[in-house]
Amino acid sequence: RTVVDTSGTPFLDGRKPDCTLYGAEYKQAKPPEKAAPLVLMLALATIEIKPVVGATGSFIAAAIGEALTFGHRLLAIKPFIPEATCAITDCHRIQFFRIIRSSGGGDEDCEYECTAVEKLGVSLTDRDEYTPEAGLGHLWDLLTASASDLQAELPKLGDVLLDNFLGAGTYGTVYSGHLRGADARDNYAVKVFSHKASFDTELGILGAMNASSDAIPVLKQSLTGTYPSGSN
């Protein structure tokens, strides 16, 4: 895992989470300038650093809301993932949140799960052994979890690799991408559809437009992918 300081980079749809957790593929991104906080497709989770308040050592609602906003942006930018993980910490305590996409597939009407505010540290047992506090243990689980464990796997699109988020359309989400084995600078615009019905609708629209205008290139082939959710 790689944890990157993204507090100064508005890479998440214009937003700047304090820290972003990336998978192993992050270090393998090519060319070197691609191995930067702008590689949205490899982002797995976000962590906000905020102070706690009060005798209970809790985080204020505004700080929690900001942390959840970053999770919602991950859901919006990557419609193929069913849930997103985010956390908030003061570097002594930490709280984790899971945002679960609604059955309708939207990124706003979601269910939420969270842990208590937990300590980041170790404690000495009666046998003079050090054991991690609950917060440290959960953080370790997050840092060692696979992309599939975090429900954050990329869609499989054959030889096409997704690089970055470009925008969301009516029927799908648009990314920049490149062909496997090719220079990542030779990229294309790739539109990913969450449902085949949306793909068929847009293909029909483009086909009708193409029949009436030579300005739109003929679609030579189409790509379909299998998503972690099981839809095509």
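A residue is termed buried under 20% relative accessible area, exposed over 50%, and partly exposed in between. Lys 50 has a relative accessibility of 21% and therefore counts as partly exposed. The model is predicted, and side-chain atom pairs were counted only at pLDDT 80 or more.

Lys 50 takes part in two of the ion pairs described here. One is with Glu 48, where the closest N and O atoms are 3.8 Å apart. The other is with Glu 66, with a closest N and O separation of 3.0 Å. Because Lys 50 lies in the loop between strand S3 (43–49) and helix H1, and Glu 66 in H1, this pair ties together parts that are 16 residues apart in sequence. The residues Glu 48, Lys 50 and Glu 66 are thus linked in a network of salt bridges.

The structure holds five salt bridges. Among them is the pair formed by Arg 98 and Glu 83, whose closest N and O atoms are 3.3 Å apart. Arg 98 is placed in strand S5 and Glu 83 in strand S4, so the pair ties together parts that are 15 residues apart in sequence. Strand S4 covers residues 83–89. The side chains of Glu 83 and Arg 98 also make a polar contact, at 3.3 Å. Glu 83 is buried, with a relative accessible area of 14%; Arg 98 is partly exposed, with a value of 35%.

The 17 residues of H1 should span 24 Å at 1.5 Å a residue, and the end C-alpha atoms of H1 are 24 Å apart, which agrees. The helix is mostly covered, with twelve of its 17 residues buried. The buried residues of H1 include Ala 63, Ile 64, Ala 67, Leu 68 and Phe 70. Also among them are Gly 71, His 72 and Arg 73, as well as Leu 74, Leu 75, Ala 76 and Ile 77.

In soluble globular proteins, nonpolar side chains tend to be buried together. In this model, the largest nonpolar core has 33 residues, of which Leu 12, Leu 40, Met 41, Leu 162 and Tyr 175 touch the most other members. At least two residues of this core are supplied by each of helix H1 (61–77), strand S4, strand S5 (93–100), strand S10 and strand S12 (188–192). The largest share, eight residues, comes from H1. Another core, of twelve residues, lies apart from this one and has Ala 45, Phe 96, Leu 139 and Leu 150 among its members.

Tyr 171, Ile 205, Leu 206 and Met 209 make a nonpolar surface patch of about 310 Å². Of these residues, Tyr 171 is located in the loop between strand S10 (160–168) and strand S11 (173–179). Tyr 171 is partly exposed, with a relative accessible area of 30%.

Key:
Residues are numbered from 1 along each chain as its sequence is written. This is a predicted model: local features need pLDDT of at least 70, side-chain atom pairs count only at pLDDT 80 or more; totals for chains, interfaces and linings use all residues. Side-chain values use heavy atoms; hydrogens and water are left out. Patches are made of residues with over 30% relative accessible area and no salt bridge: like charges are joined within 9 Å, nonpolar side chains (Val, Leu, Ile, Met, Phe, Trp, Tyr) within 5 Å. Accessible areas come from the Shrake-Rupley method with a 1.4 Å probe; for residues, only the protein chains shown count as cover. A salt bridge is a side-chain nitrogen of Lys or Arg within 4 Å of a carboxyl oxygen of Asp or Glu. Helices (H or I, at least four residues) and strands (E, at least two) are DSSP runs, numbered from the N terminus. Buried means under 20% relative accessible area, exposed over 50%, partly exposed in between (1.4 Å probe, protein chains only). A polar contact is a pair of N or O atoms within 3.5 Å; within protein, one must be able to donate a hydrogen and the other to accept it, and residues adjacent in sequence count only if both atoms are side-chain atoms. A nonpolar core is a set of buried Ala, Val, Leu, Ile, Met, Phe, Trp, Tyr and Cys residues joined through side-chain atoms within 4.5 Å. The expected span of a helix is 1.5 Å times one less than its number of residues.
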